[in-house]
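Take a look at the structure before reading on.

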Amino acid sequence: MDEPHHLSQRKISQKYARFARWYDWIEGIPEVLGVNRLRQRTLQRASGTVLEVAIGTGKNLPYYQGECRIIGADASKEMLAIAQRRASRLPLDISFLLADAEALPFPDDTFDTVVSSLSTCTFPDPVAALKDMARVCRREGKILLLEHGRSDREWLGRFQDRTAERHAKQLGCHWNRKSVDLVRRAGLKINKAQRVFFGIFNQIEAMPGPV
């Protein structure tokens with residue numbers, strides 16, 4: 001299926017700049033569905049030097065273990081500003097960086113853990129972004145993903161397909177992408193994958209695939 005309403009990274013950054021202040025309110029909808037519990041379950045697996053890609057407003061920050069050394073990257077300086085304010089109230093070793101998820105400004109094999117949550121739906125080229133996450137992750141490291149995508153309940157998946165273009169135009173979010181398929185296409189090795197809430201949310205633990 002062709003991608004609906006493909007947006008460039010620049011246009012996505014502009015879109016998120018406009019509603020950065022409302023983003024936490026928008027994300028309140030998935031939180032009612034239990035996403036905060038999924039965040040906690042995902043982030044407790046993070047360790048060592050951590051890169052969080054598309055950190056947004058920093059909704060994951062309260063769930064990191066204190067010993068993690070974190071870099072939070074995002075393509076929107078407005079979102080990063082909110083994340084920095086959130087981080088200032090937490091006992092975290094963290095810094096922030098304006099960066100494109102598809103061209104991360106780090107050498108190969110830099111991080112013990114790479115994290116991305118509720119973000120592959122927005123990347124113009126999610127496979128390229130996942131490949132770059134794998135590139136900067138150490139060979140025995142972890143890539144922790146908490147993503148939403150097309151439901152494996154066909155009636156709901158068809159509804160997502162029908163409304164995907166309108167949803168992408170409004171929020172820059174392609175909500176019928178198939179998260180596990182994207183991870184496989186990027187060449188990552190999946191160690192664990194679990195679907196919850198009508199198969200919409202995907203918890204995936206992966207690592208860089210063979211060279």
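Which residues touch the most other members of the largest nonpolar core? They are Leu51, Val53, Val114, Met133 and Ile143, in a core of 26 residues. β1, β4, α6, β5, α8 and β7 each supply at least two residues of this core. Helix α6 gives the most, with six.

Val114 shows the packing up close. Beyond its neighbours within four places in sequence, Val114 contacts Leu51, Val53, Met133, Val136, Cys137, Lys142, Ile143 and Leu144.

Helix α6 spans residues 126-136 and is mostly covered. Eight of its 11 residues are buried, including Val127, Leu130, Asp132 and Met133. The buried residues of α6 pack against β1, β4, β5 and α8.

Trp155, Phe197 and Phe198 make a nonpolar surface patch of about 330 Å². Phe198 sits in the loop between β6 and β7. Phe198 is partly exposed, with a relative accessible area of 41%.

How far does the confidence reach? The model is predicted, and the protein chain averages a pLDDT of 85. A score of at least 70 is reached by 82% of the residues.

| Element | Residues | Mean pLDDT |
|---|---|---|
| Strand β1 (highest) | 49-53 | 98 |
| Helix α2 (lowest) | 23-26 | 49 |

Over residues 1-7, pLDDT stays under 50. For this stretch the model has 19 contacts beyond four places in sequence.

Note on methods:
Residues numbered from 1 in each chain as written. Predicted model: local features only at pLDDT ≥ 70, side-chain atom pairs only at ≥ 80, totals over all residues. Heavy atoms only, no water. pLDDT = per-residue confidence, 0-100. Helix = DSSP H or I, 4+ residues; strand = E, 2+ residues; numbered from the N terminus. Contact = heavy atoms within 4.5 Å. Patch = residues over 30% accessible without salt bridge, like charges linked within 9 Å, V, L, I, M, F, W, Y side chains within 5 Å. Areas by Shrake-Rupley, 256 points an atom, 1.4 Å probe, with all protein chains shown as cover. Salt bridge = Lys/Arg side-chain N within 4 Å of Asp/Glu carboxyl O. Buried < 20%, exposed > 50% of the residue type's maximum accessible area, 1.4 Å probe, protein only. Core = buried A, V, L, I, M, F, W, Y, C linked by side-chain atoms within 4.5 Å.
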